[in-house]
Amino acid sequence: MNLVLLGPPGAGKGTQAKRLQDLRSLVQLSTGDMLRAAVAAGTELGRKAGDIMERGELVPDALVVGLIAESMDAEKDSAGFILDGFPRTIGQAEALDALLRSRGEQVDRVVVIEVDDDALVTRITGRFTCATCGEGYHELFKKPKVEGVCDVCGGTKFARRKDDTEDVVRERLKAYHAQTEPLIGYYKAQGKVRAVDGMADIETVQKEIDQALDGA
Ligand SMILES: [Zn+2]
């Protein structure tokens with residue numbers, strides 16, 4: 001089973017991908033991780049990608065597809081792959097289809113984690129972590145029991161991610177709607193899309209994803 005996970009940043013794709021990887025012996029292909037690994041390993045593609053990223057440019061689709069092909073070769077015996085973060089555009093989806101076709105495979109299922117924009121902004125902009133032990137908190141959903149004191153380690157310093165501001169989140173959502181949503185139509189035309197409600201609690205999201213993968 002080859003699975004594509006779609007959903008805006010912050011929808012919980014990474015968490016779900018990790019769980020499916022453990023549960024179903026699928027191999028997660030995260031393009032960000034693959035790029036970093038290839039650069040660190042100094043492979044031919046990695047050196048090319050490293051040069052491009054150093055210049056602050058976007059790594060071309062063909063190079064990313066090459067990395068995906070290498071990773072698939074390295075994990076030939078797996079039960080399938082989970083793609084998270086790629087494809088992001090129709091052009092990338094077509095390139096992925098071509099790659100899989102050349103291997104006698106296809107994208108079998110596309111799971112879209114649907115979330116409400118405003119709710120996602122609230123979810124992301126409210127989160128912070130203990131600067132000492134890393135425990136995660138949220139202004140609305142998970143405050144420390146004693147204000148300003150970490151439940152776990154008693155630390156009193158907290159940190160926020162620089163990118164967790166409303167402007168940045170809205171900008172990312174805009175990019176997602178513009179570029180990635182057309183992909184849903186692309187895969188719908190192939191009858192592969194299953195939508196799950198990403199605003200539900202995590203157990204419900206997991207259950208819906210399992211049904212999406214096991215159903216016809
Ligand atoms: Zn702490």
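**Helix packing and local geometry in a predicted model**

Biologist: Is the crossing in which α6 passes α7 left-handed or right-handed?

Modeller: The model is predicted, with local features needing pLDDT of at least 70 and side-chain atom pairs pLDDT 80 or more, whereas totals for chains, interfaces and linings use all residues. Residues are numbered from 1 along each chain as its sequence is written, and side-chain values use heavy atoms, leaving out hydrogens and water. A crossing is left-handed if the near helix is turned anticlockwise from the far one by less than a right angle, and right-handed if clockwise. The crossing of α6 past α7 is right-handed.

Biologist: How are α6 and α7 oriented to each other?

Modeller: Helices are DSSP runs of H or I with at least four residues, and strands are runs of E with at least two, numbered from the N terminus. Helix α6 (residues 117-125) and helix α7 (residues 166-188) have axes 10 Å apart and pack at an angle of about 140°; axes are lines fitted to C-alpha atoms, for helices over the stretch in contact, and angles run from 0 to 180 degrees between N-to-C directions. Angles under 35 degrees count as roughly parallel, over 145 as roughly antiparallel, 65 to 115 as roughly perpendicular, and the rest as oblique. The orientation of α6 to α7 is therefore oblique.

Biologist: Which residues of α7 does α6 meet?

Modeller: Contact means heavy atoms within 4.5 Å. From α6, the residues D117, D118, L120, V121, I124 and T125 take part, and they meet, in α7, E166, V169, R170, L173 and H177.

Biologist: Is C130 buried or exposed?

Modeller: Buried means under 20% relative accessible area, exposed over 50%, and partly exposed in between, for a 1.4 Å probe and protein chains only. C133, at 38%, is therefore partly exposed. C130 has a relative accessible area of 3%, so the residue is buried.

Biologist: How many disulfides does the structure hold?

Modeller: A disulfide is a pair of cysteine sulfur atoms within 2.5 Å. The number of disulfides in the structure is 0.

Biologist: Which residues is G136 in contact with, leaving aside neighbours within four places in sequence?

Modeller: G136 lies in strand β6 (residues 136-138), and its relative accessible area of 33% means that G136 is partly exposed. With those neighbours left aside, the contacts of G136 are F128, T129 and K142.

Biologist: Which residue is joined to F86 by a cis peptide bond?

Modeller: Omega for this bond is about 0°.
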